[in-house]
Amino acid sequence: MPNSTKSKLVRQNLRLVKQLYPTLSERNLRVLRELTGSFHLSLSHGEILSIDEKWHITHAGLLRIALRRRCRGIRTVLQERQCDPLAGRWVFKATVYKGSDSKGFVGYGDADPSNVSPLVRGAEMRVAETRAVNRALRKAYGIGLCSVEELGSFSPPTPASHPKQASPVSGNGNGSSHGQPRLRDQLCLLIRQFNLDPTLVKAYAADFCGTEALKEASRDLVESFISHLAASAKNDRDALICKLNSYAQSAEVQP
């Protein structure tokens, strides 16, 4: 970034910070000036925030740094063995590749109802992935600031976490409830863990719940099916596969 552009950003941040945080100390103003010069973070774009008199970078700020420095790629992997979908606990591993020959910088992120904001209850899976990406990016680019998303009580809400948008079936009670993860997330994890056919599982679920479509089933029925599916997969997967295959013909004739 040219020095003129950098100086302009510093002036913009210092002008805006006096409006947003009028009681901020001179020390924190100096820190803001240094952070702006080092990482070119914009206060107006929400790339850096002051919380409890301490500066924190945001997910947007980290992605901006990665883009500016031509990050090669970011890979995330769900750590299924460490996850507990029924308890709403999710763990992700993220790897950031700075260049084509980079071996990668690894970061882990976890989330459960006890360490996320009430505003994002039900979206723990996405929070865990974001935290993993943030930690990997901070390692890759030597950023000592903790990210906002890593602070449970300050995790910002995401549109998808709103009760009306959490899931197409949330209107019937199949979305998140009382801090529990979405039932769809629980079901997807079981399908991945035991390598099941999602179409056949869906048909089996509808039959189990006694409805024509799974989205018409109540949350209690879907929860019962998930518990039943998990037990069946763990106790006798072969028998479960045979049961699912019995729905293959009906699934094929669906429009």
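This is a predicted model: local features need pLDDT of at least 70, side-chain atom pairs count only at pLDDT 80 or more; totals for chains, interfaces and linings use all residues.
**Entry: His56.** I looked up His56 and found it in strand β2, residues 54-57. His56 is buried, at a relative accessible area of 8%. I then listed its contacts, leaving out residues up to four places away in sequence: Ile48, Leu49, Ile51, Cys146, Val148 and Leu151. I also checked for polar atoms around the His56 side chain. The backbone oxygen of Lys54 sits 3.1 Å from a polar atom of that side chain.

**Entry: Thr23.** I went to the loop between α1 (3-20) and α2 (26-39), where Thr23 is placed. Thr23 has a relative accessible area of 68%, so I noted it as exposed, the cut-off being over 50%.

**Entry: aromatic pairs.** I searched the whole structure and got 4 aromatic pairs. One of them joins Tyr21 and Trp55, edge-to-face, with 5.9 Å between centres and 90 degrees between planes. Tyr21 is in the loop between α1 and α2 and Trp55 is in strand β2, so this pair ties together parts 34 residues apart in sequence. Trp55 is buried, at 6% relative accessibility.

I turned next to Tyr204 and Phe225. Their ring centres are 5.4 Å apart and their planes stand at 90 degrees, so I logged the pair as edge-to-face. Tyr204 belongs to helix α6 (198-209) and Phe225 to helix α7 (219-235), so the pair ties parts 21 residues apart in sequence. Tyr204 is buried at 8%, and Phe225 is buried at 1%. I followed the ring pairs onward and found Tyr204, Phe208, Phe225 and Tyr247 linked into a cluster.

Conventions:
Residues are numbered from 1 along each chain as its sequence is written. Side-chain values use heavy atoms; hydrogens and water are left out. Helices (H or I, at least four residues) and strands (E, at least two) are DSSP runs, numbered from the N terminus. Buried means under 20% relative accessible area, exposed over 50%, partly exposed in between (1.4 Å probe, protein chains only). A polar contact is a pair of N or O atoms within 3.5 Å; within protein, one must be able to donate a hydrogen and the other to accept it, and residues adjacent in sequence count only if both atoms are side-chain atoms. Contact means heavy atoms within 4.5 Å. Rings of Phe, Tyr and Trp (its six-membered ring) pair if their centres lie within 6.5 Å; planes under 30 degrees apart count as stacked, over 60 as edge-to-face and the rest as tilted.
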